[in-house]
Amino acid sequence: MLKRVLTIPLMLLSVPLFSQDVEFPVYKFRNKPMPDFKMVSTKGKPYSKSSLKGKGILMDFWATWCGPCIGAMPTMEKLHKKYAGKGLVVIGANILENRNKEQMAGKFLKSKPFTYVFTKDTPNNEALAKKLEIQGIPTLLLIDKKGTVRWVKCGFEPKEEKELAAQIEKLLK
């Protein structure tokens, strides 16, 4: 069964559909060090690769206008609540906003019940997405306590929660 992923090229406004089985460029970062990054949460708190050393990280690249991204948020919240006490930090890394980039995530979240970390769409977020060659959203990365990317997934459906939880369990051992 082929799943479909909405792919949004970072440089183009076209929206082609590709099969989930496509090997996206971001997949080459599996088992490689996560590039350095600096992000700022919607609450103004800075996050970086070095400040999160020793923590497992689930990083979800998303945008306010992306239906599948919004659909993944309840699962991200559930995983945050389940694993935060075990050393996992869930970060919703906002990218690809068209206007008022740095304010969009905060405005969007005002009416949402989510408690995990969301970062603003800043040039740093965009630069990280470009370094990682992210071509579609949502894109999820699991980063281990030493800063190595251990799992990458382009696209997400709530039925994939068990697979993601199993990957997190493995990561936090």
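Guide: What covers the buried residues of helix H2 includes strand S6 (56–62), H1, strand S7 (88–94) and strand S8 (117–119). Contact means heavy atoms within 4.5 Å. Helices (H or I, at least four residues) and strands (E, at least two) are DSSP runs, numbered from the N terminus. This is a predicted model, in which local features need pLDDT of at least 70, side-chain atom pairs count only at pLDDT 80 or more, and totals for chains, interfaces and linings use all residues. Residues are numbered from 1 along each chain as its sequence is written, and side-chain values use heavy atoms, with hydrogens and water left out.

Visitor: Why does Cys154 count as buried?

Guide: Buried means under 20% relative accessible area, exposed over 50%, partly exposed in between (1.4 Å probe, protein chains only). Cys154 has 2% relative accessibility, so Cys154 counts as buried.

Visitor: Which residues of H2 are buried, and what makes them line one face of the helix?

Guide: In H2 (residues 101–109) they are Met104, Ala105, Phe108 and Leu109. Seen down the axis of H2, they fall within an arc of 110 degrees (taken from the directions from the helix axis to the C-beta atoms), so they line one face.

Visitor: What makes the link of Cys66 and Cys69 a disulfide?

Guide: A disulfide is a pair of cysteine sulfur atoms within 2.5 Å. The S to S distance of Cys66 and Cys69 is 2.4 Å, so the pair meets the definition. Both cysteines are buried, and their link is right-handed, with 75 degrees about the S-S bond.
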